[in-house]
Amino acid sequence: MPVGIEAWFTQIPPITRTWLALAVLTSLAVQCQLVTPLQLYFSFKSAFTNAQPWRMFTTFFYFGSLSLDFIFHLFFFMRYSRMLEESSFANRKADYFWLLLLSSIMLLALSPLFNLPFLSSSLAFVPIYLWSRRHPSMPISLFGLITISAPYLPLALVAFSWVLNGTWKAAASDLIGCAVGHVGWFLRDVWAREMVGGYTALSEAPDGLKRLFGDL
């Protein structure tokens with residue numbers, strides 16, 4: 001890679017950087033016909049009955065073939081995941097991983113209810129939603145055309161995805177991601193602070209995971 005790209009890539013926080021790299025590599029593997037989307041999607045039957053557990057992971061890294069929609073989702077996920085990891089989760093890699101892990105488990109459980117074989121864009125909207133709720137007064141310029149406040153960002157992106165793909169089904173996974181992101185925000189910023197008065201197992205990573213990530 002050119003020095004500029006390498007320097008930019010290494011400056012991305014580790015969780016976001018790993019997620020970005022796996023997403024790009026997965027789409028490139030499909031584009032090069034090393035694997036097919038049929039080998040990557042998630043279903044309970046394929047993952048458990050047919051003993052193909054890798055589908056529980058690959059479903060979160062395939063954003064589709066290289067296209068405008070792929071660039072759209074990857075750009076916004078990388079941008080807001082990076083900002084969230086650098087601000088709210090600075091020096092708390094385990095807690096950010098824990099947020100994404102719990103969100104992933106919730107999405108896997110919801111997948112058959114909404115017929116969502118690929119959950120990458122759904123998970124990508126979790127950090128976007130959480131960041132937007134933690135910066136309620138920040139103005140956001142969308143494509144240099146309109147300016148909105150941060151809490152409206154997820155819905156604006158869902159609407160753009162709808163327009164981009166021409167069908168509401170393409171935006172359904174993004175809406176599910178917003179719903180799961182809302183649960184994550186509620187558990188961390190409302191329940192833990194106002195109801196419980198401190199962190200809980202659902203809002204803070206276990207000590208073992210913190211040691212693994214070097215946060216303890």
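Reader: Among contacts in the protein chain between residues at least 6 apart in sequence, what percentage joins residues at least 24 apart?

Author: The figure is 64%, where a contact means heavy atoms within 4.5 Å. Before going on, please note that this is a predicted model, in which local features need pLDDT of at least 70, side-chain atom pairs count only at pLDDT 80 or more, and totals for chains, interfaces and linings use all residues. Residues are numbered from 1 along each chain as its sequence is written, and side-chain values use heavy atoms, leaving out hydrogens and water.

Reader: Thanks! How many helices and strands does the protein chain have?

Author: There are 10 helices and 2 strands. Along the sequence they follow the pattern α-α-α-α-α-α-α-β-β-α-α-α.

Reader: Why does the radius of gyration of the protein chain agree with that of a compact globule?

Author: The rule for a globule is 2.2 Å times the number of residues to the power 0.38, with the radius taken over C-alpha atoms. For 216 residues a compact globule would have a value near 17 Å, and the protein chain has 17 Å, so the two agree. Along its principal axes the C-alpha trace spans about 50 × 45 × 40 Å.

Reader: And the surface: what percentage of the accessible surface belongs to carbon and sulfur atoms?

Author: Their share is 67% of about 11400 Å². Such areas come from the Shrake-Rupley method with a 1.4 Å probe, and for residues only the protein chains shown count as cover.

Reader: Now single residues. Why is S46 called buried?

Author: Buried means under 20% relative accessible area, exposed means over 50%, and partly exposed is in between (1.4 Å probe, protein chains only). S46 has 7%, so S46 is buried. This serine lies in helix α3, residues 44–49. Leaving aside neighbours within four places in sequence, S46 is in contact with Y41, A51, Q52 and R55.

Reader: What makes R55 buried?

Author: The relative accessible area of R55 is 7%, so R55 counts as buried. R55 lies in helix α4, residues 55–58. Not counting residues up to four places away in sequence, R55 touches L38, Q39, L40, Y41, F42, S46 and A47.

Reader: Is phi of N91 positive or negative?

Author: N91 has a positive phi of about 60 degrees, although N91 is not a glycine. N115 also has a positive phi, near 55 degrees. Most residues other than glycine have a negative phi.

Reader: Why is F114 called partly exposed?

Author: F114 has a relative accessible area of 45%, so F114 is partly exposed. The place of F114 is in helix α6.

Reader: What makes E204 count as partly exposed?

Author: E204 stands at 25% relative accessibility, so E204 counts as partly exposed. E204 sits in the loop between α9 and α10 (207–212). Not counting residues up to four places away in sequence, E204 touches D95, W98, Y199 and K210. From E204 to Y96, 108 residues apart in sequence, the C-alpha to C-alpha distance is 8.8 Å.

Reader: Which residues have the most contacts inside the largest nonpolar core?

Author: They are F63, F77, L153 and L157, in a core of 46 residues. Elements that each supply at least two residues of this core include α2 (14–31), α5 (68–86) and β1 (139–142). A nonpolar core is a set of buried Ala, Val, Leu, Ile, Met, Phe, Trp, Tyr and Cys residues joined through side-chain atoms within 4.5 Å. Leaving aside neighbours within four places in sequence, the contacts of F63 include W19, A23, F70, L74 and F77.

Reader: What percentage of the 216 residues count as buried?

Author: For the protein chain it is 43%.

Conventions
Helix = DSSP H or I, 4+ residues; strand = E, 2+ residues; numbered from the N terminus.
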